[in-house]
Amino acid sequence: MYGNDFGPPDEGVDQVKDPDRDTAHADAAAAALGEGLLGEVAAAEAALAEAAGRTVGRAAADADEAALQAYFDAVIAADQKIEPRDWMPEKYRRTLIRQIAQHAHSEIIGMQPEGNWISRAPSLQRKAILLAKVQDEAGHGLYLYAAAETLGITREELVEMLVSGRQKYSSIFNYPTLTWADVGAVGWLVDGAAIVNQVPLCRCSYGPYARAMIRVCKEESFHQRQGYEVLHVLGHGTPGQRAMAQDAVDRWWYPSLAMFGPPDADSTHSAQSMAWKIKRFSNDELRQRFVDMCVDQARSLNLTLPDPDLRWNAQRRAYDYTQPDYDELMRVISGDGPCNRQRMAFRRQAHADGAWVREAAAAYAAKRASDREAVPA
Amino acid sequence: MSRPGLFDYLLALGDDALVTAQRLGEWYASSPAMEEDIALANIALDQLGAARLLLSYAAEVPDTALPARTGGPLPVAARPLDEDALAYRRDDRQFRNALLTELPHGDFAHVVTRLLLLAAYQVPLYDRLAAADDPRLAAIAAKTRKEVAYHLDHAATWVRRLGDGTAESHGRAQAAVDALWPYTHELFAPLAGGPIDPATLRADWERTVTAVLAEATLARPADGWAPGGGRDGLHTEHLSYLLAEMQSLHRAHPGARW
Amino acid sequence: MTGQTPTPAEPLWEVFVRPRRGLSHGHVGSLHAPDAELALRHARDLYTRRQEGVSIWVVPAAALTASSPDEKDAFFDPAADKVYRHPTFYDVPEGVAHL
């Protein structure tokens, strides 16, 4: 999903303290990320194809629930994918619907902070790039809504849950984009954090979600790079441009760290999601990965990360860093961020303004259908 | 190529596309369905791409061929010329787009109706320009005509649905057609410097548009008031606001790279 | 008046794209549209932005609708010059990793 900054689940999914995790997973992620995020996406795609070739036996047509559960467990254990018409535990279905929907909502709301700068982009090339990027976000929202729909929920229900506020979107989008440099900072930091979260989901056990994530991650890489390039040009530009870029990084750094959710020690997170291979790494593991990536990248930008305590820890072989303000995260999640009301009002307005168009299109389709029926065979 | 008036001609076509893209860009995330947001973004990107090719070509027209006729000479700040100098450092009096493209958008009916009226003109225009004896302009046109054919198709698809949908959508579509119709005459006014006379595109345009309106059960408005002036840099009050927004950041940092 | 009546549910369409000549159409996802004509156009805009295809089918529950070969150029060529949609378009300074 975009981040883990959604607040508590809105459905009764079991939340238990994390059991011992397989540290091999974290090491594998570190190695894979080191080879580049696109490489990791490609590896996930290859693994998906490879696992598809393994046979797991078959569930008998008249199997009872225990046998179906056993077959489901065997498919997960073999790293094969659960597909829409397979039997699955009801909680697995509901957990996935919530996670995929919140991710989709994040993409849709995420169009707003960057769309804010389309009309003022400072060159025609930047305008084209930003238009294409905001368009991609709509596309990602649609891929994900489509994946959620394979689980037996409708688009109308999903949209209703967003505009009614019953389901959340990533809290990062409740911050404003105040200058052009924010477009760069959002691309580099927010999309960068999103990719760190999303790349492991290319290996998610649910087939339609994993396939959607592979597609999304390939496209997100363009987003992260364009953001980095925007900041790089500003960081090496005029004093005014560099100041603008530093200000944006100063404002977006800690909210980006908060995208990974509360620290593991303070939070419950779903061991069940780990077991089901829906979630694959803890919040802190992913956050550390992100910090380690960003430090070197910031240097090349000629910009500094706003953390005086950021330093290499040779023992941990990772950077020590200051945690984001999780109280602030909780306030934003609960609705009191700078832009929560604005983002929701915009989405509701667009949805309401479109009602007469959707009615017209349905009426037109119905007329054409009845025209066809009226034609003698 | 430095035909007299070529610079102005390229600006007219390029500004139509640029201002269209700017208006469509304002519409992001506001469509009746998310699928449509993606479609309109594609169309905005196509128009922006055409604008960049045309303005880049205009920027290379030799200085001696630059006319001083349109809305006064180019400001000194606009030199040296490139696509961004032409897009960001000209004032509204130097823009040569047709007024149709700069009108603020209203509802979704207004968005797709304007696109229909414009694309129905751009399709025969670029079809003809693709055979022009100016190879660079012909190459731009050959690329652009495929894009605008899709814009026309998309706009017509929606106008048919809105016109022949519900009573409300019919009313909104007819209101959009009535409001925009007077501004279409300017598209066919004489335009110096180009290889074709815009008046010769009118029959094609009329045939396309009236066929779509008929399918959409919409009335073709009577011809009458025919506002113009955009090709000479005399615009509506709306354009300077559009440019103020579009150019604000670029102009705030003179000489900066982006 | 709008807003009073519930939004009519738009049918779901499955989208199949032929990536290149010689390959069969493959399922790429789904979308919503009120009718086949719009479903096909939305499929083009949603699933072939990066030249992923040369032909599209959209399939409702029962029927099958394919794009016409005549429309191939207007459908797919406009994506050809949007190189900035691909990450390789961007210059990454020497030595910067993980992008």
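Q: Which residue of chain C forms a salt bridge with A:Asp136, and how far apart are the closest N and O atoms?
A: C:Arg50 does, with 2.4 Å between the closest N and O atoms. A salt bridge here is a side-chain nitrogen of Lys or Arg within 4 Å of a carboxyl oxygen of Asp or Glu. This is a predicted model, where local features need pLDDT of at least 70 and side-chain atom pairs count only at pLDDT 80 or more, while totals for chains, interfaces and linings use all residues. Residues are numbered from 1 along each chain as its sequence is written, chains are lettered from A and ligands numbered from 1 in the order in which they are written, and side-chain values use heavy atoms, with hydrogens and water left out.

Q: How many salt bridges between chain C and chain A?
A: The count is 5.

Q: And how many residue pairs in polar contact there?
A: The rule finds 8 across the interface of chain C and chain A, with both residues at pLDDT 80 or more. A polar contact is a pair of N or O atoms within 3.5 Å; within protein, one must be able to donate a hydrogen and the other to accept it, and residues adjacent in sequence count only if both atoms are side-chain atoms.

Q: Which elements of chain C give two or more residues to that side?
A: They are β2 (26-32) and α1 (36-47) of chain C. β2(C) gives the most, with 3 residues. Helices (H or I, at least four residues) and strands (E, at least two) are DSSP runs, numbered from the N terminus.

Q: What kinds of residues does chain C put against chain A?
A: That side divides into 16 nonpolar, 9 polar and 7 charged. Ala, Val, Leu, Ile, Met, Phe, Trp, Tyr, Cys and Pro count as nonpolar, Asp, Glu, Lys and Arg as charged, and the others, Gly among them, as polar.

Q: How much area do chain C and chain A bury?
A: About 3200 Å², 60% of it on carbon and sulfur atoms. Buried area is the accessible area (1.4 Å probe) that two parts lose on being put together, summed over both. In residues, 32 from chain C are in contact (heavy atoms within 4.5 Å) with 40 from chain A.

Q: What is the order of elements in chain C?
A: From the N terminus on they run β-β-α-β-β-α, with 2 helices and 4 strands.

Q: Switching to chain B: what area is buried between it and chain A?
A: About 4000 Å², with carbon and sulfur atoms giving 66%. B:Tyr28, B:Met34 and B:Trp258 lose the most area on the chain B side, together 20% of what that side buries.

Q: How many salt bridges between chain B and chain A?
A: The rule finds 3 across that interface. A:Arg368 forms a salt bridge with B:Asp164, the closest N and O atoms being 3.2 Å apart. The largest share of the chain B side, 11 residues, comes from α2(B).

Q: How many disulfides over all chains?
A: There are 0, a disulfide being a pair of cysteine sulfur atoms within 2.5 Å.

Q: Is A:Cys294 buried or exposed?
A: A:Cys294 is buried, at 0% relative accessibility. Buried means under 20% relative accessible area, exposed over 50%, partly exposed in between (1.4 Å probe, protein chains only). A:Cys339 is buried too, with a relative accessible area of 4%.
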